[in-house]
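Please read the points below with the coordinates open.

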Amino acid sequence: MADISLDNALDGDAGRTLAEDVRDGLTRAHKELPPKHLYDSRGAALFDQICELPEYYPTRTERAILERVAAELIAASGASELVELGSGSAAKTRLLLDAMAAAGTLERYVPLDVTERVVRESAAALIREYPGLRVHGLIGDFERHLGRLPPAHGPRLLAFLGGTIGNFAPTQRGRFLRTIAGLLAAGDHLLLGTDLVKDRATLEAAYNDSAGITAEFNRNILRVINRELGASFDPTAFDHVAVFDERNEWIEISLRAREAQEVALPAIALTVHFAAGEELRTQISAKFTRERVAAELAAAGLELVAWHTDARAWFGLSLARAAAA
Ligand SMILES: C[S@@+](CC[C@H](N)C(=O)[O-])C[C@H]1O[C@@H](n2cnc3c(N)ncnc32)[C@H](O)[C@@H]1O
């Protein structure tokens with residue numbers, strides 16, 4: 001029998017986290033905010049639009065790889081449940097669920113995302129699409145709530161797609177991968193999507209689309225802070241900036257103040273000054289090589305089992321498991 005259960009780990013907690021992150025991030029010498037706050041319902045809808053943009057190659061490249069290798073990945077993992085971190089609208093997830101259904105192993109899907117609406121809506125859609133599927137949705141923060149994942153019912157495939165791992169700074173990323181390694185029992189696998197290093201023009205175009213959707217997505221973080229903390233940001237007073245930092249091999253995404261300005265944040269009793277041209281970093285998106293992915297997995301106690309890429313080597317999908325002790 002198909003069914004849904006939902007667990008909201010953010011209940012009563014989301015506002016406090018935003019307040020803490022905003023106070024911490026906007027009082028630093030180099031202002032920055034964590035990207036998870038970009039994703040309210042409007043931010044999630046804008047991200048879905050980004051995935052359809054001609055310049056935004058990661059989604060369609062990862063999708064094409066999955067179309068080619070999903071059956072192979074499922075056969076190699078033997079998974080009966082799919083846990084997905086940062087699941088969003090779960091568009092590409094269907095390729096994995098289809099492969100599990102075809103292999104006769106599909107039992108449960110466990111999406112985890114900070115955006116309540118996407119977890120609720122994807123859960124409702126998926127139980128209609130996959131008769132007999134059970135969905136346990138976890139509305140939460142994958143940096144804080146992995147302990148709320150339900151106990152496994154069988155071999156697990158833990159998917160972290162879309163290159164979202166690239167949003168972590170390197171130290172955080174290492175810590176996160178070690179936490180993931182600790183979640184994998186014998187027979188479980190990690191499926192990790194990583195965007196790969198390529199020419200600057202292609203990378204920068206992906207985050208500077210001509211329709212301005214990425215710019216609107218970036219400015220959405222200011223709208224979230226205005227709504228939740230009663231702040232006085234004028235989103236139109238900030239330019240969207242996305243450049244490839246070659247030394248760090250990441251795209252750095254910021255909002256640059258057009259003019260000097262003061263922003264009031266009454267809910268946290270703070271006033272923040274921006275100088276003309278000052279930048280507020282909202283996201284990094286690290287780009288990888290196969291060697292770096294394998295090395296970072298190994299450093300976290302994970303072993304690369306299979307590596308799949310596209311003909312241009314623009315995106316990498318890794319299948320990994322806990323390394324033998
Ligand atoms: C780059 S999008 C990728 C979405 C989808 N997995 C894909 O591949 O298209 C990142 C997703 O992770 C979610 N997210 C970002 N930070 C998060 C966090 N700290 N905890 C849980 N979800 C998070 C966002 O809401 C969004 O759905």
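The numbered points take the basis of the values first and then the sites in turn.

1. This is a predicted model, in which local features need pLDDT of at least 70, side-chain atom pairs count only at pLDDT 80 or more, and totals for chains, interfaces and linings use all residues. Numbering starts from 1 along each chain as its sequence is written, and side-chain values use heavy atoms, with hydrogens and water left out.

2. The ligand has 18 residues around it, of which Gly86, Lys92, Asp113, Asp141 and Phe142 come nearest (a residue is near if one of its heavy atoms lies within 4 Å). By class, this shell holds six nonpolar, seven polar and five charged residues. Nonpolar here means Ala, Val, Leu, Ile, Met, Phe, Trp, Tyr, Cys and Pro; charged means Asp, Glu, Lys and Arg; the others, Gly among them, are polar.

3. Polar contacts are pairs of N or O atoms within 3.5 Å. An oxygen atom of the ligand lies 2.6 Å from a polar side-chain atom of aspartate 113, and a ligand nitrogen is 2.8 Å from a polar backbone atom of phenylalanine 142. On its own the ligand has 590 Å² of accessible area, and the protein covers 92% of that (Shrake-Rupley method, 1.4 Å probe).

4. The whole structure has 32 salt bridges (a side-chain nitrogen of Lys or Arg within 4 Å of a carboxyl oxygen of Asp or Glu). In one of them, lysine 36 meets aspartate 141 at 2.6 Å, N to O. Lysine 36 is in the loop between H1 and H2 (41-51) and aspartate 141 in the loop between S4 (134-139) and S5 (156-160), so the pair ties together parts 105 residues apart in sequence. Helices (H or I, at least four residues) and strands (E, at least two) are DSSP runs, numbered from the N terminus.

5. The second largest pocket has a volume of about 440 Å³. Its lining has 21 residues, and Leu10, Ala14, Tyr39, Asp40 and Val114 are the closest to its centre. H1 gives the largest share of this lining, four residues. A pocket is an open set of points on a 1 Å grid with protein on both sides within 12 Å along at least five of seven lines; a cavity is a set where a 1.4 Å probe fits but cannot get out; lining residues have an atom within 4 Å of a point.

6. One cavity of 30 Å³ or more is counted. H9 gives the most to the lining of the largest cavity, three residues, and that lining divides into six nonpolar, one polar and two charged residues.

How values were computed: Points joined across faces, edges and corners; volume = space filled by probe spheres on them. Polar contact = N/O pair within 3.5 Å; in protein donor to acceptor, adjacent residues only side chain to side chain.
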